[in-house]
Amino acid sequence: MAEKKKDKSEETFEVMDMVEYAKKQRWWNKIFGKNSGPVAEKYDVATQLAIGGVSGWCAGYLFQKVGKLAASAVGGGFFLLQMANHTGYIKVDWKRVERDVNNAKKQLKLNTDKPTKEVRTKVDEVQTFVKKNIILTGGFAGGFLLGLAS
(Lines give C-alpha, C1' and ligand atoms only; values in the text may rest on other atoms or scores of the structure.)
Protein backbone atom coordinates (compact mmCIF):
# COMPACT_ATOMS: atom_id res chain seq x y z
CA MET A 1 0.00 0.00 0.00
CA ALA A 2 2.65 2.50 1.00
CA GLU A 3 5.33 2.78 -1.61
CA LYS A 4 8.87 2.48 -0.49
CA LYS A 5 11.23 4.96 -2.10
CA LYS A 6 14.90 4.22 -1.77
CA ASP A 7 17.37 7.06 -1.78
CA LYS A 8 21.11 6.74 -1.47
CA SER A 9 21.32 7.81 2.14
CA GLU A 10 17.93 7.03 3.69
CA GLU A 11 14.68 5.26 3.09
CA THR A 12 11.46 7.30 2.78
CA PHE A 13 7.90 6.13 2.79
CA GLU A 14 4.86 7.71 1.23
CA VAL A 15 2.12 8.17 3.81
CA MET A 16 -1.26 7.00 2.66
CA ASP A 17 -4.53 8.19 4.18
CA MET A 18 -6.50 5.00 4.81
CA VAL A 19 -9.80 6.84 5.22
CA GLU A 20 -9.53 8.32 1.75
CA TYR A 21 -8.42 4.97 0.32
CA ALA A 22 -11.44 3.23 1.88
CA LYS A 23 -13.81 5.89 0.53
CA LYS A 24 -12.53 5.32 -3.00
CA GLN A 25 -13.12 1.55 -2.82
CA ARG A 26 -16.52 0.31 -3.91
CA TRP A 27 -18.46 -1.57 -1.26
CA TRP A 28 -18.76 -4.70 -3.41
CA ASN A 29 -14.97 -4.79 -3.88
CA LYS A 30 -14.55 -4.80 -0.12
CA ILE A 31 -16.91 -7.76 0.24
CA PHE A 32 -16.45 -9.83 -2.92
CA GLY A 33 -13.00 -8.82 -4.15
CA LYS A 34 -11.68 -7.24 -7.33
CA ASN A 35 -13.74 -9.33 -9.82
CA SER A 36 -17.09 -7.97 -8.67
CA GLY A 37 -17.31 -4.63 -10.47
CA PRO A 38 -20.09 -3.33 -12.70
CA VAL A 39 -21.50 -5.75 -15.25
CA ALA A 40 -20.15 -3.64 -18.11
CA GLU A 41 -16.62 -4.51 -17.02
CA LYS A 42 -17.19 -8.28 -16.86
CA TYR A 43 -19.45 -9.40 -19.74
CA ASP A 44 -19.72 -8.73 -23.45
CA VAL A 45 -22.65 -6.86 -25.00
CA ALA A 46 -24.67 -9.92 -26.04
CA THR A 47 -24.46 -11.42 -22.55
CA GLN A 48 -25.51 -8.16 -20.95
CA LEU A 49 -28.49 -7.86 -23.28
CA ALA A 50 -29.50 -11.46 -22.60
CA ILE A 51 -29.22 -11.11 -18.82
CA GLY A 52 -31.11 -7.81 -18.86
CA GLY A 53 -33.76 -9.09 -21.26
CA VAL A 54 -34.50 -12.29 -19.36
CA SER A 55 -34.60 -10.61 -15.95
CA GLY A 56 -36.73 -7.78 -17.39
CA TRP A 57 -39.16 -10.25 -18.96
CA CYS A 58 -39.54 -12.10 -15.65
CA ALA A 59 -40.11 -8.86 -13.76
CA GLY A 60 -42.61 -7.61 -16.34
CA TYR A 61 -44.53 -10.88 -16.37
CA LEU A 62 -44.77 -10.93 -12.56
CA PHE A 63 -45.72 -7.25 -12.52
CA GLN A 64 -48.53 -7.96 -15.00
CA LYS A 65 -49.92 -10.89 -12.99
CA VAL A 66 -49.69 -9.12 -9.62
CA GLY A 67 -51.16 -5.97 -11.17
CA LYS A 68 -54.18 -7.85 -12.48
CA LEU A 69 -54.70 -9.45 -9.09
CA ALA A 70 -54.43 -6.10 -7.26
CA ALA A 71 -56.77 -4.38 -9.72
CA SER A 72 -59.30 -7.18 -9.32
CA ALA A 73 -59.12 -6.97 -5.54
CA VAL A 74 -59.53 -3.19 -5.44
CA GLY A 75 -62.29 -3.19 -8.07
CA GLY A 76 -64.10 -6.04 -6.34
CA GLY A 77 -63.86 -4.21 -3.03
CA PHE A 78 -65.44 -1.09 -4.50
CA PHE A 79 -68.12 -3.19 -6.16
CA LEU A 80 -69.00 -4.92 -2.87
CA LEU A 81 -69.02 -1.57 -1.08
CA GLN A 82 -71.46 -0.13 -3.62
CA MET A 83 -73.66 -3.23 -3.44
CA ALA A 84 -73.75 -3.05 0.36
CA ASN A 85 -74.56 0.67 0.20
CA HIS A 86 -77.30 0.13 -2.40
CA THR A 87 -78.98 -2.70 -0.49
CA GLY A 88 -78.89 -0.77 2.79
CA TYR A 89 -76.36 -2.82 4.74
CA ILE A 90 -74.15 0.25 5.17
CA LYS A 91 -74.68 3.99 4.88
CA VAL A 92 -71.82 6.02 3.41
CA ASP A 93 -71.57 9.68 4.35
CA TRP A 94 -70.38 10.98 0.97
CA LYS A 95 -70.00 14.56 2.21
CA ARG A 96 -67.54 13.38 4.85
CA VAL A 97 -65.67 11.24 2.31
CA GLU A 98 -65.37 14.25 -0.02
CA ARG A 99 -64.12 16.46 2.84
CA ASP A 100 -61.52 13.88 3.88
CA VAL A 101 -60.32 13.43 0.29
CA ASN A 102 -59.93 17.19 -0.11
CA ASN A 103 -57.92 17.36 3.14
CA ALA A 104 -55.70 14.55 1.90
CA LYS A 105 -55.14 16.42 -1.39
CA LYS A 106 -54.07 19.53 0.53
CA GLN A 107 -51.61 17.51 2.61
CA LEU A 108 -50.14 15.93 -0.51
CA LYS A 109 -49.73 19.31 -2.20
CA LEU A 110 -47.88 20.68 0.84
CA ASN A 111 -45.43 17.77 0.94
CA THR A 112 -44.58 17.65 -2.78
CA ASP A 113 -42.55 20.86 -3.02
CA LYS A 114 -39.14 19.22 -2.63
CA PRO A 115 -38.12 15.57 -2.49
CA THR A 116 -36.44 14.42 0.70
CA LYS A 117 -32.70 13.85 0.93
CA GLU A 118 -33.14 10.07 1.03
CA VAL A 119 -35.20 10.09 -2.17
CA ARG A 120 -32.67 12.32 -3.92
CA THR A 121 -29.81 10.03 -2.85
CA LYS A 122 -31.59 6.93 -4.19
CA VAL A 123 -32.36 8.69 -7.47
CA ASP A 124 -28.68 9.58 -7.83
CA GLU A 125 -27.67 5.97 -7.12
CA VAL A 126 -30.09 4.67 -9.76
CA GLN A 127 -28.82 7.21 -12.31
CA THR A 128 -25.24 6.17 -11.65
CA PHE A 129 -26.12 2.48 -12.02
CA VAL A 130 -27.98 3.10 -15.29
CA LYS A 131 -25.08 5.12 -16.70
CA LYS A 132 -22.53 2.44 -15.81
CA ASN A 133 -24.69 -0.46 -17.07
CA ILE A 134 -26.60 1.11 -19.96
CA ILE A 135 -26.70 -2.06 -22.10
CA LEU A 136 -27.97 -4.22 -19.23
CA THR A 137 -30.54 -1.58 -18.35
CA GLY A 138 -31.71 -1.32 -21.95
CA GLY A 139 -32.12 -5.08 -22.12
CA PHE A 140 -34.05 -5.04 -18.86
CA ALA A 141 -36.39 -2.28 -20.10
CA GLY A 142 -37.09 -4.13 -23.35
CA GLY A 143 -37.64 -7.41 -21.52
CA PHE A 144 -39.91 -5.71 -18.99
CA LEU A 145 -42.11 -4.34 -21.77
CA LEU A 146 -42.24 -7.76 -23.45
CA GLY A 147 -43.12 -9.35 -20.12
CA LEU A 148 -45.99 -6.90 -19.67
CA ALA A 149 -47.26 -7.69 -23.15
CA SER A 150 -47.16 -11.47 -22.74
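I looked at Trp57 and Tyr61, which lie 4 residues apart in helix 4 and so are separated by about one helical turn. Helices here are DSSP runs (H or I, at least four residues), numbered from the N terminus. This is a predicted model, where local features need pLDDT of at least 70, side-chain atom pairs count only at pLDDT 80 or more, and totals for chains, interfaces and linings use all residues. Residues are numbered from 1 along each chain as its sequence is written, and side-chain values use heavy atoms, with hydrogens and water left out.

I then checked exposure (buried is under 20% relative accessible area, exposed over 50%, partly exposed in between; 1.4 Å probe, protein chains only). Trp57 is partly exposed at 36%, and Tyr61 is partly exposed at 32%.

Next I looked up Phe63 and Phe144, an aromatic pair of the tilted kind, with 5.7 Å centre to centre and 50° between the planes. Rings of Phe, Tyr and Trp (its six-membered ring) pair if their centres lie within 6.5 Å; planes under 30 degrees apart count as stacked, over 60 as edge-to-face and the rest as tilted. This pair links distant parts of the chain, since Phe63 is in helix 4 and Phe144 in helix 7 (residues 134–149), 81 residues apart. Phe63 is exposed at 54%, while Phe144 is partly exposed at 23%. I noted one aromatic cluster formed by Phe63, Phe140 and Phe144.

Last, I went back to helix 4. Its buried residues are Gln48, Gly52, Gly53, Gly56, Gly60, Gln64 and Ala84. Just after helix 4, I found Gly88 with a positive phi of about 95°.

Note on methods: Helix = DSSP H or I, 4+ residues; strand = E, 2+ residues; numbered from the N terminus.
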